[in-house]
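Hi there,

Here is the structure I promised to pass on to you. Please have a look through it, and then read on for my notes.

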Amino acid sequence: MASSSLPKPDLWRKPPPTGTRVSVLVPLPFPGPLDYLAPMTLQPGDLVSIPLGKRETIGCVWDTTSTVPADFATAPGREVPLSRLRPVVEKLDVRPLPGSLRRFIDWVAAYTLTPPGLVLAMATRIHLKDAPKPVLGWVRTEQPEEGLRITPARRSVLNAASDAPMTTSDLAAASGASSAVIRGLATAGLLREAVISVAAPFATPDPTHGAPQLSEEQADVAEQLCRPVKEQRFDVTLLEGVTGSGKTEVYFEAVAACLAQGKQVLVLLPEIALSAQWTDRFIRRFGADPAVWHSDLGTKRRRETWRAVADGTARVVVGARSALFLPFEDLGLVVVDEEHESAFKQEEGVMYHGRDMAVVRARLANAPAILVSATPSLETLANVESGRYHHELLTARHGGATMPDVSLVDMRADPPERGLFLSPVLCNAIDETLKNEEQAMLFLNRRGYAPLTLCRACGHRMQCPNCSTWLVEHRARGILTCHHCGHTESIPSDCPQCHAEHSLVPIGPGIERITEEAKLRFPDAKILVMSSDTLGSPAATAEAVRKITDGEVNLIIGTQIVAKGWHFPKLTLVGVVDADLGLGGGDLRAAERTVQLLHQVAGRAGRAERPGRVLLQSYVGEHPVMTALVSNDFQTFMEQEAEQRRPSFWPPYGRLAALIISAATADAADALAKEIAFAAPEREGVQVLGPAPAPLAVLRGRHRRRLLLRTMRGIAVQPILRDWLKDIKPTGSARIDIDIDPISFL
């Protein structure tokens, strides 16, 4: 028909879009923010609900300009026409994400080569739309009582009501009347609803409460730590001190200085188990609880804490590395306690090091950072050497306590009885300690009963079906389990390979096996086991610490959790069952980690008036690690480590990035690894190692290959990686994970 070719009237046309363009970052793996139409006024940092596909999600209005260094930045995307944009659904009733946090998210994403939305997810992984509902109560009105029959019950309610709102249940309890009487008075206009003010979830710490009596050395160091806090400027200081020197009390003075200025403090701990004793010390010093942040918090508490951090009422937060992504309103100090701990490195998802990112977080907030350790990492010491970080040192134990005496037990000269693992020398020392009504500790950094189970008939080894690793026996639960993927199976009575009966035997000791031996050797000892298998929550850890402190136990047996910053005044003997455990393999930091761990666990002994001693069971007493521990010469050992790494540009004197290729089959993993290796960059100061099967060649059913990019210190790895991988397109199940500054090489 001819009329079909006529132009449509204007009223048939789709109206032009109204509103402004906004960039919204969503917590998903997109390369950058998405454009939306904003029908309301929005500013960067506002949290909004937006349509995405067929569902709604939460996003954050993002900055249109970036402060990320050019070396890390990605190219901007193409702009979508305004007419094609979908509108923002609503603005959430939540405080905007602060500018320093948005810049931090951009920085972490660019540095780790991670989509920024995945970093945003770590900052918004709570139920933001579930705003707390106001609590309503009843107050008496000024309306006269004429015309209403006032019964005794009604009179009782009116007498109990006041200008301060009371809930229905509270008013009923105070008056003795029913809720129906209360509602009747409300209908009559003699009561009206009012919002009950809710106390802030966290009390304000008092910087003047419980100020300690510091030694002259402690006071001098505290003054240096407080200076950049009072000047409100970015600065990084390493606080190094021997175990038991009062490092926590000293940096608490910097916390007090920050609180006195009305600013917020973030303290990072490597393990949530440490938060219980740390919190007790904090309460004694500041008279109030800090806000705690870790993965074990319930949903409601997480939401309360997140909002309290955002509005500034949570003044001090102590938490795991994820606390870096909280929306601090006015951050004035960042502290990283036990900065050397590898637990600060996140090795799945967004791979970042909490210690290093804490320094970035402080810089973007223009706040000082304090890194605390008795055994600083070589990376931190290198920054001190170069002048990037200041260095403060505490050389003496607090209260006149002395450092423990450390000696070796040569297991070649004084071996234990066949089938046992505690040497006669160590057993005699424990006997003497218990006789003196003191406490002893046995340390073995290995969970379970035995790390390997094999058949003595055919040699079959019990292996994980999903990973290239042995199954660990946990005899107390009657299972074999994989500590990498969580696979669990019952301990078989016969060999699954040759079916020989009762032929499976445990090889090597785990903490359960040491506990079994200790119960037989020391039948009168009151034993407590500290490991992640026995301490399932911070509350359980706090109860274990209480028992030790109160003297309810006298023999503690533990894994690496006992090496943390505990203060046990009655503990005088530490025995390390297998001091050589961490020295095997090709890990770049194996020696450094071992000396740090054993130095820390040794530092648990003799922290009060009674002197302590440490016995290290070792088959390689001549190893530099053992020499350093016996001589208590940590500095010389680290200098030797530095000299070994410096010529070949190993970290911290060069940069590393790991490429981990994984796929459902070995052939697919090999094919992708070879394609990546073929495109490897060739330039001066850059070296590519691999590809090679990962030490854990199969993990959770996926086959893994690794390449390692190494550069000289002055060459950034991010632009090299971005250019190297830009044309590599994994297919099927294959995946490439990038780990900048890797800690683990599994």
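To start you off: which residue in β4 is the bridge partner of Leu25? The answer is Cys60. Please keep in mind as you read that this is a predicted model.

Strand β1 covers residues 20–25, and strand β4 covers residues 55–61. The two run antiparallel to each other, with 2 bridges between them. β1 also pairs with strand β2, residues 34–38, again in the antiparallel sense, this time over 5 bridges. In that pairing, Thr20 sits opposite Ala38 of β2.

The largest cavity holds about 50 Å³ of space. Its lining is made up of Tyr111, Met351, Tyr352, His353, Asp356, Met357, Ile740 and Asp741. By type, the lining of the largest cavity has 5 nonpolar residues, 1 polar and 2 charged.

The second largest cavity has a volume of about 40 Å³. Among the residues that line this one are Leu269, Glu271, Ile272, Ser275, Trp293 and His294. Two strands, β10 (291–293) and β11 (316–319), each contribute at least two residues to the lining of the second largest cavity.

Happy exploring, and do write back with any questions.

Best wishes

Conventions. Residues numbered from 1 in each chain as written. Predicted model: local features only at pLDDT ≥ 70, side-chain atom pairs only at ≥ 80, totals over all residues. Heavy atoms only, no water. Pairing = 2+ DSSP bridges. Helix = DSSP H or I, 4+ residues; strand = E, 2+ residues; numbered from the N terminus. 1 Å grid on protein atoms, 1.4 Å probe; cavity = no way out; pocket = protein on both sides within 12 Å on 5 of 7 lines; lining within 4 Å. Points joined across faces, edges and corners; volume = space filled by probe spheres on them. Nonpolar A, V, L, I, M, F, W, Y, C, P; charged D, E, K, R; others polar.
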